[in-house]
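Hello,

Here is the structure you are taking over. Please look through it first; my notes follow below.

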Amino acid sequence: MFAQPPNDSFTSNFHGKTYTQVKGDALVKCILSTPHAQKIETYNPSEGTINISVHKSLAPFASAAFLDLVSSRHFDGNYIFRVVPGFIVQWGIESPRNGSYKAKFIKADIDPPPSQHDPRRSNVRGTLNFAGGNSGTGQVYINKSDNRYLDKEKGSLPFASLDEESMKIVDSVYDKYEQGSGQVKALNNDEVGKLFPNMSRIERCWISSSIER
């Protein structure tokens, strides 16, 4: 879990190691829910707040683009339209929350690889990255398992990570929609509820803290 020490920094535990976030790093919180689902004996809808530690000091270009999207509320109301068991969860596609809305997203540069190995910049469980590398789609994904082979793709080194408590929420997201879920941008909320009642959604994201000294 993240802690908020009194000295204007915060720590996170990732892959068994405690990191202290330093100058320029930020903590983003996102509320996740499954608004159309009903609790039944075999399925409890996913819900909770996930903590995303954004490593601006390690990946300034991708981090800045992500934080701009958070500030512009691009992710608010986004359905988690792609969930691949043992692989990733993905969101950021234009949602039906306000009709013709589309993010203005420019990721100008690719962050260079780290000079030393750092698991926070490898596609391992609990890391977050932009889908499509440098394609500028505004979509992001979380690695549900170690997918290091993705590291060799251009622009595909992660820039943020989640703690294990947040990953428990991510792991609970419904993953049985194999076909058609990518069409959510063409549907209104009522249609999503009828076609994909167990699909989870990012209700809101905000920057909780930022270390700037």
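The side chains of D175 and K176 are joined by a polar contact of 2.8 Å. A polar contact is a pair of N or O atoms within 3.5 Å; within protein, one must be able to donate a hydrogen and the other to accept it, and residues adjacent in sequence count only if both atoms are side-chain atoms. This is a predicted model: local features need pLDDT of at least 70, side-chain atom pairs count only at pLDDT 80 or more, and totals for chains, interfaces and linings use all residues. Residues are numbered from 1 along each chain as its sequence is written, and side-chain values use heavy atoms, with hydrogens and water left out.

D175 sits in the loop between α2 (164-171) and α3 (189-195). Helices (H or I, at least four residues) and strands (E, at least two) are DSSP runs, numbered from the N terminus. D175 is buried, at 17% relative accessible area. Buried means under 20%, exposed over 50%, partly exposed in between (1.4 Å probe, protein chains only). Leaving aside neighbours within four places in sequence, D175 is in contact (heavy atoms within 4.5 Å) with V83, P85 and K144.

Next, the disulfide. The whole structure has 1, counting a pair of cysteine sulfur atoms within 2.5 Å. C30 is joined to C205, S to S 2.0 Å. The link of C30 and C205 is right-handed, with 110 degrees about the S-S bond. C30 lies in strand β3 (residues 26-33) and C205 in strand β11 (residues 201-210), so the pair ties together parts 175 residues apart in sequence. C30 is buried at 1% relative accessible area. C205 is buried too, at 5%.

Now the rings. There are 6 aromatic pairs. Rings of Phe, Tyr and Trp (its six-membered ring) pair if their centres lie within 6.5 Å; planes under 30 degrees apart count as stacked, over 60 as edge-to-face and the rest as tilted. F75 and W91 form an edge-to-face pair, 6.5 Å centre to centre, with 80 degrees between the planes. That pair links distant parts of the chain: F75 is in the loop between α1 (60-71) and β5 (78-79), W91 is in strand β7 (residues 88-91), and they are 16 residues apart. F75 is buried, at 1% relative accessibility. W91 is buried, with a relative accessible area of 1%. F66, F75, W91, F130 and F159 form one aromatic cluster.

One last item. The charged end of R204 sits over the ring of W206, 4.5 Å from its centre. The rule here is NZ of Lys or CZ of Arg within 6 Å of the ring centre and within 35 degrees of the ring normal.

Best wishes
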